[in-house]
Amino acid sequence: MLQSVVHIDFTDPDRQAHGLHNIENILRDQEGSAEIEIVCHGAGLGLLIRDESAHGDLVAGLIQKGIVVVACENTMNEKGIRPDDLVAGVGTVPSGAVEVIRKQQEGYAYFKP
C-alpha cells in the first residue's frame, strides 16, 4: 500500500488546490488503497480554517474518503485558532514539523505540492 505524508506550509490557494487534486489523483490511481496524511502548519494552516479556507469543501471531501488531515497545535496556539475553528474532521498534532518527520521515519513517502 502506498503511504505518503503531504506537507502544506504555504498560503497560495492555487498551489493548495493543486496539492489537494494531486491527492485525489493518487487515490484514483491507487484505487482507494493509499494511506495519506496531510499535515498543515505555519502559513499552511489557513487551508484548514473553516471560515477562511478557499478549499474547505475539498478538504472535507478528502476526509470523507479516509484521508487523515491534521493541524499543528503550535501554530494554532500562536495564531489563536481553536479546534472548533477547523474544518470538521480535521485532527491536531502537537507539532506539524515533528509529525512530518515521524511519518517519514515510519516509512511514509514525503510529498510537498
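**Reading burial and packing**

Analyst: The model is a predicted one.

User: How should I read the packing of helix 1 and helix 2, and at what angle do their axes cross?

Analyst: Angles under 35 degrees count as roughly parallel. Here the axes of helix 1 (residues 13-29) and helix 2 (residues 56-64) come within 10 Å and cross at roughly 25°, which makes helix 1 roughly parallel to helix 2. The crossing of helix 1 past helix 2 is left-handed.

User: Which residues make that contact?

Analyst: Helix 1 contributes Leu 20, His 21, Ile 23, Glu 24 and Leu 27, and helix 2 contributes Leu 58, Val 59 and Leu 62.

User: Why may residues three or four places apart in a helix point the same way?

Analyst: An α-helix has 3.6 residues a turn, so residues three or four places apart point the same way. In helix 2, the buried residues are Gly 56, Leu 58, Val 59 and Leu 62. They cover an arc of only 165° around the axis, and therefore lie on the same side of helix 2. Their packing partners are helix 1, strand 2 and strand 3.

User: Which exposed residues does the face turned away from the buried side of helix 2 carry?

Analyst: That face carries Asp 57 and Gln 64. After helix 2 comes Gly 66, with a positive phi near 100°.

User: Which residues of helix 4 are buried?

Analyst: In helix 4 (residues 96-105), the buried residues are Gly 96, Glu 99, Val 100 and Lys 103. They cover an arc of only 100° around the axis, so they are on the same side of helix 4. Their cover includes strand 1 (3-8), strand 2, strand 3 (68-72), strand 4 (91-93) and strand 5 (109-111). Just after helix 4, Gly 107 takes a positive phi of about 100°.

User: Is Lys 103 buried or exposed, and what does Lys 103 touch?

Analyst: The cut-off for burial is a relative accessible area under 20%. Lys 103 has 12%, so this residue is buried. Not counting residues up to four places away in sequence, Lys 103 touches Val 5, Glu 37 and Tyr 108.

User: Where is the place of His 55?

Analyst: His 55 is in the loop between strand 2 (35-40) and helix 2. With a relative accessible area of 11%, His 55 is buried. Leaving aside neighbours within four places in sequence, His 55 is in contact with Pro 13, Gln 16, Ala 17, Leu 20 and Leu 47. One of these, Leu 20, also belongs to the contact of helix 1 with helix 2.

User: What of Ser 33: in which loop does this residue lie?

Analyst: Ser 33 lies in the loop between helix 1 and strand 2. At 31% relative accessibility, Ser 33 counts as partly exposed. Leaving aside neighbours within four places in sequence, Ser 33 is in contact with Met 1 and Leu 2.

Conventions
Residues numbered from 1 in each chain as written. Predicted model: local features only at pLDDT ≥ 70, side-chain atom pairs only at ≥ 80, totals over all residues. Heavy atoms only, no water. Axes fitted to C-alpha atoms, helices over the stretch in contact; angles between N-to-C directions. Helix = DSSP H or I, 4+ residues; strand = E, 2+ residues; numbered from the N terminus. Parallel < 35°, antiparallel > 145°, perpendicular 65-115°, else oblique. Left-handed = near helix turned anticlockwise from the far one by under 90°. Contact = heavy atoms within 4.5 Å. Buried < 20%, exposed > 50% of the residue type's maximum accessible area, 1.4 Å probe, protein only. Arc of directions from axis to C-beta.
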